[in-house]
Amino acid sequence: MKKAGLIICLLLLIGCKSKTVSRNTEDLKIKKVSGAEINAGQQQKAYELGKRVLETCNTSKFKPFNETEVTASVRENTTEERLTKTCQRFRQYYGSFIDLKLDGVYKTKNEVIYRYHALYTKKVANKELRVFVNDDNLVSAIKSMDWDEKFDAKLAEQ
């Protein structure tokens with residue numbers, strides 16, 4: 001009886017095929033935007049919101065986002081507690097935040113990405129901040145990461 005059950009299980013496992021998922025890679029492509037195509041109002045909004053987040057590390061005060069600035073998920077995830085935890089680490093390693101320097105604007109099918117070089121008082125700091133703005137002109141993500149010198153070269157390979 002045990003052997004029959006084992007054989008049935010093996011046949012079921014062998015008979016199952018994995019499904020192939022087809023994905024349109026056009027949705028994932030990132031293209032650099034020329035200066036003439038950049039929406040100045042949207043760029044200013046991305047700069048101000050990105051700077052507001054990083055200045056929290058200097059002032060320890062965060063003015064919460066509202067529904068006209070960011071998506072609901074960004075509002076929920078950007079809490080004073082989470083920022084305080086991140087800021088403690090950033091201040092220790094990079095010093096005080098100075099400013100953001102726009103390095104490039106990129107576009108996907110659904111978002112515009114503003115890529116900023118984050119400037120800190122310590123010279124070892126080599127961080128970037130990416131601000132993602134969706135079609136509704138709301139910030140849909142804010143990501144801080146190590147600076148990637150080869151970002152544009154990787155785009156050319158796409």
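The legends below describe close-up views of a predicted model.

**View 1. Packing of helix H2 against helix H4.** Helix H2 (residues 40-59) packs with helix H4 (residues 80-94) at an angle of about 70 degrees, their axes lying 9 Å apart, which makes H2 roughly perpendicular to H4. On the H2 side the contact is made by Val-53, Thr-56, Cys-57 and Asn-58, and on the H4 side by Leu-83, Cys-87 and Arg-91. Sorted by class, this contact has 4 nonpolar, 2 polar and 1 charged residues.

View 2. Five strands form an open sheet in the order E1-E2-E3-E4-E5, with antiparallel pairing, and its edge strands, E1 (31-32) and E5 (139-146), each pair on one side only. Strand E2 (residues 97-107) and strand E3 (residues 111-120) run antiparallel and are joined by 9 bridges, while Leu-100 stands opposite Ala-118 in E3. Helix H2 lies across E2, E3, E4 (127-134) and E5, running at about 145 degrees to E2.

**View 3. Aromatic pairs that reach strand E3.** The whole structure holds 7 aromatic pairs. The rings of Tyr-47 and Tyr-116 have their centres 6.2 Å apart and their planes at 55 degrees, so this pair is tilted; it links distant parts of the chain, with Tyr-47 in helix H2 and Tyr-116 in strand E3, 69 residues apart. Tyr-116 counts as buried, at 1% relative accessibility.

View 4. Phe-90, Tyr-93, Tyr-94, Phe-97 and Tyr-120 form one aromatic cluster. Tyr-94 is buried, with a relative accessible area of 15%, and Tyr-120 is buried, with a relative accessible area of 7%.

Definitions and conventions: Residues numbered from 1 in each chain as written. Predicted model: local features only at pLDDT ≥ 70, side-chain atom pairs only at ≥ 80, totals over all residues. Heavy atoms only, no water. Axes fitted to C-alpha atoms, helices over the stretch in contact; angles between N-to-C directions. Helix = DSSP H or I, 4+ residues; strand = E, 2+ residues; numbered from the N terminus. Parallel < 35°, antiparallel > 145°, perpendicular 65-115°, else oblique. Contact = heavy atoms within 4.5 Å. Nonpolar A, V, L, I, M, F, W, Y, C, P; charged D, E, K, R; others polar. Pairing = 2+ DSSP bridges. Phe/Tyr/Trp six-rings, centres within 6.5 Å; stacked < 30°, edge-to-face > 60°. Buried < 20%, exposed > 50% of the residue type's maximum accessible area, 1.4 Å probe, protein only.
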